[in-house]
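Subject: Structure handover

Hello,

Here is the structure I promised to pass on.

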Amino acid sequence: APPPSLVFPLWPATPPGGEGRAPRGAPGAANPARNIDTPMLALYRPADPDVSALIIFPGGGYVNLSLTNEGSNPALRFNTERVTTFILSYRLPAEGWANPQNVPLQDAQRAIRLVRARAAEFRIDPRRVGIVGYSAGGHLAASLATRHGEVTYAPVDAADSQSAKPSFAGLIYPVITMTEPFTHRGSTTALLGATPTDAARAARSNELLVTADTAPCFIVHGMPDAVVPVENAILMMQALRAAKVPVE
């Protein structure tokens with residue numbers, strides 16, 4: 001894949017919860033990536049952009065990031081539709097951060113605020129910034145769709161005055177629930193630890209967090225998915241319909 005037009009860090013200094021943390025070394029192979037010491041956004045500009053933007057959350061079970069098949073490939077594909085795309089390399093919870101269960105959502109909230117704050121520079125409409133996430137990245141996208149208003153970090157600069165609510169969320173074979181029997185156990189363990197309480201599971205189960213203020217969602221899931229059960233998508237669809245939030 002061609003390189004991005006621009007790669008820039010999310011945070012002006014140490015990310016939240018990184019104080020005193022030792023760096024873990026190079027991110028390793030480009031796909032999948034681990035050791036995310038510095039969360040970044042990679043910008044891909046289309047040849048003939050409209051004013052829409054899409055932030056892409058790769059999957060990887062919250063233990064790595066699939067930056068090619070769930071990152072640069074969709075970024076370039078959406079560029080052909082004139083969409084300006086950004087790939088978020090978000091921090092992974094088990095890599096030494098404080099409050100690990102909040103780390104990915106901190107980065108997701110910061111990413112959309114930063115894109116909106118720099119909308120003029122990127123030549124996009126801040127009212128047309130959507131997100132799309134795959135697998136565990138779908139859990140992160142659903143978390144931002146449902147929990148965009150939650151305070152997960154102290155503001156660091158003016159960008160944090162922007163709304164973190166996405167214009168819409170694409171949830172692609174998403175992990176939605178952290179409760180049995182339909183959760184993806186690897187993602188749940190990576191985010192919440194080996195023995196999460198029922199309360200901790202419920203607090204990260206997006207089907208339980210949908211309100212009328214949840215972002216509109218587009219969901220894709222294969223019926224025979226042997227990794228993330230299709231019930232994840234069905235639970236989210238039912239919750240969105242019950243709350244009268246647009247869902248396709």
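A word on names before we start: helices (H or I, at least four residues) and strands (E, at least two) are DSSP runs, numbered from the N terminus. This is a predicted model, in which local features need pLDDT of at least 70 and side-chain atom pairs count only at pLDDT 80 or more, while totals for chains, interfaces and linings use all residues. Residues are numbered from 1 along each chain as its sequence is written, and side-chain values use heavy atoms, with hydrogens and water left out.

Pockets

On a 1 Å grid over the protein atoms alone, a pocket is an open set of points with protein on both sides within 12 Å along at least five of seven lines, a cavity is a set where a 1.4 Å probe fits but cannot get out, and lining residues have an atom within 4 Å of a point. Points are joined across faces, edges and corners, and a volume is the space filled by probe spheres set on them.

The largest pocket has a volume of about 220 Å³. Eleven residues line this pocket, and the closest to its centre are Ala42, Tyr44, Leu67, Ile87 and Ser89. At least two lining residues come from each of β2 (40-44), α1 (68-79) and β4 (84-89), and β2 gives the most, with three.

The second largest pocket comes to about 180 Å³. Its lining includes Phe78, Arg128 and Phe218, and β3 (53-57) and β5 (129-134) each supply at least two of its residues.

Sheet

Seven strands form an open sheet of mixed pairing, in the order β1-β2-β4-β3-β5-β6-β7; two strands pair if DSSP finds at least two bridges between them. β1 (6-9) and β7 (217-220) are at the edges with a single partner strand each, so one side of each has no neighbour in the sheet. β1 and β2 pair in the antiparallel sense over four bridges, and Phe8 stands opposite Leu41 in β2. Helix α1 packs on the sheet, touching β2, β3, β4 and β5 (contact means heavy atoms within 4.5 Å). The direction of α1 makes about 170 degrees with that of β4; axes are lines fitted to C-alpha atoms, for helices over the stretch in contact, and angles run from 0 to 180 degrees between N-to-C directions.

Cavity

There is one cavity of 30 Å³ or more, and the largest cavity holds about 40 Å³ of space. Among the residues that line the largest cavity are Tyr62, His139 and Arg204. α2 (103-117) and α4 (136-147) each give two or more lining residues, with α4 giving the most, four.

Best wishes
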